[in-house]
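This briefing covers the salt bridges, a surface patch and the pockets of the structure shown below. Please keep the model in view while reading the points that follow.

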Amino acid sequence: MKKKIIIKTNDLNETYKLYKKYKGVRYKNTEFTYEGKNEDIKEIVNVLNKKTRMQRLAYIFDKSCEQVDKKFEGKNICGFNCNQCAVQIKDNSKEINGCCRLCRLQGDNGCKSKNLVCKLFFCDEVKRNYEVIELKDLKLVKLLTRRQRLMLKFDLFSSREEVIMDLYIGIATIAAFREIYTLIKNLIFLLFRNKYERKSNKLKMKYVVFLATVFLLAFFAVIHPIMPLVIIGVGLIEELLIKLNKRKMTLLTQ
């Protein structure tokens, strides 16, 4: 039979302290309830009722993404028109897909995944016209450790599953290697892409991407000859872990 604990405080800071107290294994079979009206506290209680670290991280990540989406719901803040953002239109650029033009996750209908730090990237053009939201404004993110929040800031061009796995493993060095591996995959994507690239820019882009890929691998080889292999190995191992957990992680959003 599950033990029940009622969260009675309406003070958000006090709730953060209670979260640290109740998130341990000791309270795994405890059901938490809150009858107040503070929506932020309700969400923290919902996190407490997720009984595995993976479930909690997935909930924090997904709900934070939803909060950013809700902030700009119905607003074309990037000024997209014919697949070009406001900056690309102003500069008469030949590029498309705005900031996502460099990411392998771009698709015909937007991002194929979701990434919190990508959602929180706003260029100067957007900042001039809108009041933007920052990582520190997301209440659930404060439930993460300081290390996890730091890792989260650098997880650009990564899928939802990759970011959550980084947070779950919780080792900054592994997350950094995995991110470098992801950047290499992005460079390879850009090297061979054709459907998102305009013909007049095709050869130039392929040349730049090829040199960037070679330089990146050579840089780490200079640090240590086996470093590129370590980075690729870490990336492949994490990809395997993600595949093994993908079904489970998909169920977390249902």
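Helices (H or I, at least four residues) and strands (E, at least two) are DSSP runs, numbered from the N terminus. The model is predicted, so that local features need pLDDT of at least 70 and side-chain atom pairs count only at pLDDT 80 or more, whereas totals for chains, interfaces and linings use all residues. Residues are numbered from 1 along each chain as its sequence is written, and side-chain values use heavy atoms, with hydrogens and water left out.

**Salt bridges**

- The structure contains 16 salt bridges, a salt bridge being a side-chain nitrogen of Lys or Arg within 4 Å of a carboxyl oxygen of Asp or Glu.
- Within helix 2 (residues 39-48), glutamate 39 and lysine 42 are 3 residues apart, about one turn of the helix, and these two form a salt bridge whose closest N and O atoms are 3.3 Å apart.
- Lysine 42 has a relative accessible area of 31% and is therefore partly exposed, given that buried means under 20% relative accessible area, exposed over 50%, and partly exposed in between (1.4 Å probe, protein chains only).
- Arginine 160 and aspartate 62 also meet through their side chains in a salt bridge, at 2.9 Å from N to O.
- This pair links distant parts of the chain, with arginine 160 in helix 8 (residues 160-169) and aspartate 62 in helix 3 (residues 53-71), 98 residues apart; both arginine 160 and aspartate 62 are buried.

**A salt-bridge network**

- A further salt bridge joins the side chains of arginine 178 and glutamate 162, at 3.7 Å from N to O.
- Because arginine 178 lies in helix 9 (residues 172-192) and glutamate 162 in helix 8, the pair ties together parts that are 16 residues apart in sequence.
- Arginine 178 is buried, with a relative accessible area of 2%, and glutamate 162 counts as buried at 5%.
- Through salt bridges that share partners, Arg104, Asp155, Glu162, Asp166, Arg178, Glu179, Lys185 and Glu238 are joined into one network.

**Surface patch**

- On the surface, Ile237, Leu240, Leu241 and Leu244 form a nonpolar patch with about 400 Å² of accessible area together.
- Patches are made of residues with over 30% relative accessible area and no salt bridge, like charges being joined within 9 Å and nonpolar side chains (Val, Leu, Ile, Met, Phe, Trp, Tyr) within 5 Å; accessible areas come from the Shrake-Rupley method with a 1.4 Å probe, and for residues only the protein chains shown count as cover.
- Leucine 244 is found in helix 11 (residues 227-252) and, at 62% relative accessibility, counts as exposed.

**Pockets**

- The largest pocket holds about 1300 Å³ of space, where a pocket, on a 1 Å grid over the protein atoms alone, is an open set of points where a 1.4 Å probe fits, with protein on both sides within 12 Å along at least five of seven lines, and lining residues have an atom within 4 Å of a point.
- Grid points are joined across faces, edges and corners, and a volume is the space filled by probe spheres set on the points.
- Of the 46 residues that line the largest pocket, Cys78, Phe80, Asn97, Cys100 and Cys118 lie nearest its centre, and helix 4 gives the most to this lining, with 3 residues.
- The second largest pocket has a volume of about 240 Å³, and its lining residues include Glu39, Lys63 and Leu140.
- Helix 3 gives the most to the lining of the second largest pocket, with 4 residues.
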